[in-house]
Amino acid sequence: MAAMLEVKNLGISFGGLRAVNEFSISIDKGELYGLIGPNGAGKTTVFNLLTGVYKPDTGVIMLDGKDITGRKTIEISKAGIARTFQNIRLFGGMSVKDNVKAAMHNHFVYSPMAGLFHTSSYRNAEAAMDGKAMELLKVFELEKDADLMAVSLPYGQQRRLEIARALATEPKLLLLDEPAAGMNPQETEELMDMIRFVRKKFDMTILLIEHDMKLVSGICEELTVLNFGEILAQGKTSEVLKNPDVITAYLGE
Amino acid sequence: MKKGLSKTTRSNIGTFLIVIIAYIVCEILLATGTMSSGLEGLLVPCCYYIILSVALNLVVGYLGELSLGHAGFMCVGAFSSAFFTRAVQNIITNQTVRFILAILIGAAVAALFGFLIGIPVLRLKGDYLAIVTLAFGEIIKNLVNVMYIGRDSSGWHISLKDQISLHLAADGEMILSGPQGIGRIPKESSFTAGFILVLITLFIVMRLTNSRDGRAIMSIRDNRIAAESIGINITKYKLMAFTVSAALAGVGGVLYAHNLATLTATSKNFGYNMSIMFLVYVVLGGIGSLRGSVIAPVVLNLLLDFFLRQIQLIGDNPVIGFISDNRMLIYAIVLIAVMLVTWNPTMREKRAALFSKSRRGEAE
C-alpha cells in the first residue's frame with residue numbers, strides 16, 4: 001500500500017542557516033505519527049514546508065501519490081492537508097460555527113448572486129454546512145458555544161475549535177502543531193482521547209508535533225526526532241524513546 | 001422557520017426597520033409641512049452619507065483594511081453618471097429610466113476603478129494601503145479638474161488642456177468643463193430614491209457578509225495565515241470586498257451628483273477630508289456595525305444642522321460659529337475621545353467594573 005505522505009530529502013535554508021536538512025518521512029494511511037525534538041529543531045518549519053508556507057530548496061513531497069512539492073498553500077489545502085498552529089490562529093471576530101463553516105469554503109460552493117438572493121442552491125448549501133458544522137462541534141464538545149465569538153472561548157476550547165476547523169476542510173492528512181501546548185494534565189488527557197476518537201471516526205492520518213512526552217508515548221505509533229534540522233532517530237515509538245542519542249538531545253549528557 | 005433566526009439576522013431586520021421607520025416619520029413631517037427647509041435639504045445628503053459609510057464599513061469593518069480613498073470612488077460615480085445623464089438627456093426622456101441607468105453606470109464605473117486600483121494596491125497593508133488610497137482620491141479629483149469634454153454635430157471632443165482647444169463648432173455644447181465641472185444636471189435625486197438606495201446598499205452588504213464569500217472576507221480580516229491554510233483565496237476576496245465597496249460608494253456619488261445643478265470636484269466635496277469624514281462615521285457608528293453606519297452620519301448631520309440653525313437664530317455667536325466652521329476639528333476630538341473610552345485600559349477596567357456592578361445590582 002502506498003503511503004499517505006511520502007517526503008524525501010526535504011531541505012530549506014534561511015540565509016546561511018540550514019533549517020531543515022535531508023528530511024524524509026513516510027506515513028501510512030490511518031497512522032498517527034509524532035514529530036518531536038528540542039526547541040528550534042525545525043519541527044514547525046517542516047509543517048510550513050508541507051503546507052506551502054515555505055518553498056523547499058530540495059526534496060519531494062508526495063500526498064496520496066500526488067506530487068505537491070512547491071505548491072501554494074491554497075492548492076495544498078485543496079489537495080488535502082489541513083493544519084493547526086502552535087500559537088492559536090482562530091477567526092476571533094467570527095462565531096464558533098462560522099469558524100468551522102469558513103473552512104468548508106471549497107466544499108460547498110455557490111455563486112455570490114445565489115448568496116445575494118438566497119436561491120435554493122444557497123439554502124441547500126448553508127443547511128448542509130450548518131449540519132456538518134454542528135456535527136463536528138459535537139465531536140469536540142463545542143456545540144453549546146456555536147454562537148459565541150471564537151475569541152471569547154477559553155484556551156483549551158480554542159485549541160479544540162482549531163482542530164475542528166482543520167477537519168472541516170475534509171483533509172487526507174491532519175497536521176497538529178503542539179495541540180497540548182499550555183494545557184493542564186487533565187486537559188491533555190481529554191485531548192488525547194479526542195485525537196484517538198477523531199482518528200477512528202474520520203479514518204484520519206495524523207502527524208503531530210509535540211513536547212509533551214506523555215502524550216507522544218501514549219498515542220503515537222511511530223516517531224521522528226529532529227535535532228538542528230536533521231533527523232536524529234526514526235521508527236517505532238518505544239524503540240525511539242530508548243535511543244541514547246534521543247535521550248542525550250532531550251535531557252543533556 | 002422564524003424561530004431559527006440567528007442573532008445577526010435579527011439585528012439586520014432591526015436595522016432595516018429603523019431605516020423604514022425613519023423614512024416614514026420624515027415623509028409624514030414633510031407632508032404636514034412641519035419640517036424646516038434646512039432639515040429638508042439634509043435628507044438626501046443623509047442618504048448618500050449612509051451609503052458611503054456602509055460601503056466603507058465593508059472595507060474597514062469586514063475586510064479589516066483602511067481605505068482613505070472612498071471620496072475618490074464617490075467622485076468617479078458622480079462624474080460618470082452625471083456625464084451619462086447629460087449625454088443622453090435628449091435621447092432618453094423618461095426620468096426614472098435615465099436615473100436607474102445612471103445609477104448602474106455610476107456603480108459600474110466606480111467598481112471598475114475599484115477593481116483596477118485594487119489589483120496593485122491590495123498587496124499593501126495597513127498604513128501603506130491608507131496612504132495609497134488617499135493619493136488615489138486626490139488624483140481622481142485633480143484629473144477631473146483638467147478634463148474638458150464637449151460635443152457638436154461632428155462628434156465628441158476631448159482635451160486635457162482647455163476649452164478652446166476642443167474647437168467646438170457653433171452648435172457645440174460643453175458637458176464637462178474642467179474646474180467648472182458638469183452643469184445643468186437635472187435634479188433627479190429625491191429622498192425616496194435615496195431611501196431605496198440605502199435599503200439596497202444595506203441589503204447587498206448584509207447578504208454578502210452572511211454568505212460563503214462574507215465568511216471568507218472576514219476570515220482574512222481575523223487571520224490571514226489561517227485563512228490561507230483552509231484554502232481561501234486571499235487576493236480574490238480582498239478584491240471582491242474592495243470592488244463591491246467601490247461600486248456602492250459610486251452609487252452614493254450618483255445620488256450626490258443628481259442632487260446638484262452643477263457638479264464640480266473641489267477639495268471640499270471630494271477631498272481627503274471627505275474620506276476621513278466617512279471614516280469618522282464608520283468608527284463612531286462602530287467598526288463592523290451596519291446599524292452604527294446608518295445612525296452615525298444622520299446624527300452628525302443633524303447636529304450640524306442644529307448648529308447652523310442656532311447661528312441663524314441668535315446671530316454671530318463666536319462659540320457656535322467656531323464649532324460649525326471647524327467641524328472636522330470637533331470630529332477629530334470626538335474620535336479621540338471614543339478611542340480613549342473604548343480602548344484605554346484604565347477606562348476599560350472602569351467600564352467593566354461599572355457594568356459588573358450594575359449587573360450584580362440586577363441580580364440582588
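This is a predicted model: local features need pLDDT of at least 70, side-chain atom pairs count only at pLDDT 80 or more; totals for chains, interfaces and linings use all residues.
1. Domains of chain A. Chain A is split into two domains. Domain 1 is made of two segments, 1–80 and 171–253, while domain 2 covers 93–168. Between the C-alpha centres of domain 1 and domain 2 of chain A the distance is 27 Å.

2. Contact between the domains. On the domain 1 side of chain A, 12 residues take part, and they meet 10 residues of domain 2 of chain A. Two elements of chain A give two or more residues each to the domain 1 side: strand E7 (173–177) and helix H7 (185–202). Of these, H7(A) gives the most, with five residues.

3. Composition of the domain 1 side. Where domain 1 of chain A touches domain 2 of chain A, its residues divide into eight nonpolar, three charged and one polar.

4. Contact between the chains. Chain A contributes 27 residues and chain B contributes 22 residues. On the chain A side, at least two residues come from each of helix H2 (73–79), helix H3 (96–102) and helix H4 (112–117).

5. Composition of the chain A side. The residues of chain A that touch chain B comprise 11 nonpolar, nine polar and seven charged.

6. On how the contacts are counted. Both contacts are given here as residue counts, with residues taken as touching when their C-beta atoms, placed from the backbone, lie within 7 Å. The size of an interface is often expressed instead as the accessible area lost when the parts come together.

Conventions:
Residues are numbered from 1 along each chain as its sequence is written. Chains are lettered from A and ligands numbered from 1 in the order in which they are written. Domain bounds come from an automatic or database domain assignment. Two residues are in contact if their C-beta atoms, placed from the backbone, lie within 7 Å. Helices (H or I, at least four residues) and strands (E, at least two) are DSSP runs, numbered from the N terminus. Ala, Val, Leu, Ile, Met, Phe, Trp, Tyr, Cys and Pro count as nonpolar, Asp, Glu, Lys and Arg as charged, and the others, Gly among them, as polar.
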